[in-house]
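User: I would like to learn how to read a model like this one. Please start with a term and then show me the case.

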Amino acid sequence: MQHPDQKYLEALLNNDTALIEEVYRKYSGKIKWMVLQNNGKETDAADVFQEVLLSIYKKIQNEKFTLTCPLEAFLYTACKNKWLNELRKKKLDKVTMHHFDVYNIDEDSFKIIEEINLQQARRDLLAEKLRELCEDCRQLLQLNWSGKPMEEVATILNITYGYARKKKCECMAELVTLVKHSAEFNLLKQ
């Protein structure tokens, strides 16, 4: 189910300055505190926050993404993971991630975040395998998945409706085969 904070993702996509500023006002301080508590500087925190927002923007620009948890939990987890990766690159050992109590991130929040990560990994796998299809299949499936009826897809591709339906079935079968034969498939089944 879509969370009311989805409006912030729409704001990023539509360059809604007022709501984007609200995101910074509401959440950047918490990220700054987490980074400062874990061997970082204010500039590190600003960079992490900006990079995560940019990653989210790129993701929602390229595909439909529905936020199913509060943006705060999603951003915090994404920023925490990004900062931990930065620390690992720098090989800093003194990491004190004791912030969970402060933000009341409970077990349910972690389950939501794990589900989001699993869904994202599945979407990434699908997108990767979609790129392996021929251009005709990619175009047909993307047009159809964008909500266009098959009649309109057939017209756009300058093919008959019957052929479009048949080709869609063939393309889907090929895509399913590619996904099922990937190394990641068994890890993402649940």
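Analyst: Start with contact: it means heavy atoms within 4.5 Å. The model here is predicted. Take Asn144, which lies in helix α7. Setting aside neighbours within four places in sequence, Asn144 is in contact with Met150, Val153 and Lys168.

User: Is Asn144 buried or exposed?

Analyst: The cut-off for buried is under 20% relative accessible area. Asn144 has a relative accessible area of 15%, so Asn144 is buried.

User: How do I read the overall fold? How many helices and strands are in the protein chain?

Analyst: Count the elements, then read their order. The protein chain has 10 helices and zero strands. Along the sequence the pattern is α-α-α-α-α-α-α-α-α-α. Next, look at contacts with a separation of 6 or more: residues 24 or more positions apart account for 68% of them. Then check burial and surface. Of the 190 residues in the protein chain, 36% are buried. The chain exposes about 11,800 Å², and carbon and sulfur atoms supply 52% of that area.

User: How do I read one helix?

Analyst: An α-helix has 3.6 residues a turn, so residues three or four places apart point the same way. Now the case. Helix α1 spans residues 6-14, and its buried residues are Gln6, Tyr8, Leu9, Ala11 and Leu12.

User: Which helices do the buried residues of α1 pack against?

Analyst: They pack against α2 (17-36), α3 (42-62) and α4 (71-90).

User: What about cores? Which residues have the most contacts inside the largest nonpolar core?

Analyst: The general idea comes before the case. In soluble globular proteins, nonpolar side chains tend to be buried together. Here the largest nonpolar core has 29 residues, and those with the most contacts inside it are Leu9, Val23, Phe49, Ile56, Leu71 and Leu75. The elements giving two or more residues to this core are α1, α2, α3 and α4. The largest share, eight residues, comes from α4. A second, separate core has 17 residues, including Leu125, Leu133, Val153 and Cys171.

User: What does Val23 touch, not counting residues up to four places away in sequence?

Analyst: Val23 touches Tyr8, Ser28, Phe49, Leu53, Leu71 and Leu75. Tyr8 is one of the buried residues of α1.

User: How do I read a pocket?

Analyst: The largest pocket has a volume of about 480 Å³. Its lining draws two or more residues from each of α3, α6 (107-132) and α7 (135-145). α6 gives the most, with five residues. Lining residues include Lys58, Lys59, Arg123, Leu126, Arg131 and Trp145. By class, the lining divides into four nonpolar, two polar and six charged residues.

User: And backbone angles? Where does Asn15 lie, and where does Asn39 lie?

Analyst: Look for positive phi at residues other than glycine. Asn15 is in the loop between α1 and α2. Asn15 is not a glycine, yet its phi is positive, about 55 degrees. Asn39 lies in the loop between α2 and α3. Asn39 is not a glycine either, and has a positive phi of about 65 degrees.

User: How accessible are Asn15 and Asn39?

Analyst: The cut-off for exposed is over 50%, and partly exposed lies between that and the buried limit. Asn15 has 58% relative accessibility, so Asn15 counts as exposed. Asn39 has 37% relative accessibility, so Asn39 counts as partly exposed.

Technical notes. Residues are numbered from 1 along each chain as its sequence is written. This is a predicted model: local features need pLDDT of at least 70, side-chain atom pairs count only at pLDDT 80 or more; totals for chains, interfaces and linings use all residues. Side-chain values use heavy atoms; hydrogens and water are left out. Helices (H or I, at least four residues) and strands (E, at least two) are DSSP runs, numbered from the N terminus. Buried means under 20% relative accessible area, exposed over 50%, partly exposed in between (1.4 Å probe, protein chains only). Accessible areas come from the Shrake-Rupley method with a 1.4 Å probe; for residues, only the protein chains shown count as cover. On a 1 Å grid over the protein atoms alone, a cavity is a set of points where a 1.4 Å probe fits but cannot get out, and a pocket is an open set with protein on both sides within 12 Å along at least five of seven lines; lining residues have an atom within 4 Å of a point. Grid points are joined across faces, edges and corners, and a volume is the space filled by probe spheres set on the points. Ala, Val, Leu, Ile, Met, Phe, Trp, Tyr, Cys and Pro count as nonpolar, Asp, Glu, Lys and Arg as charged, and the others, Gly among them, as polar. A nonpolar core is a set of buried Ala, Val, Leu, Ile, Met, Phe, Trp, Tyr and Cys residues joined through side-chain atoms within 4.5 Å.
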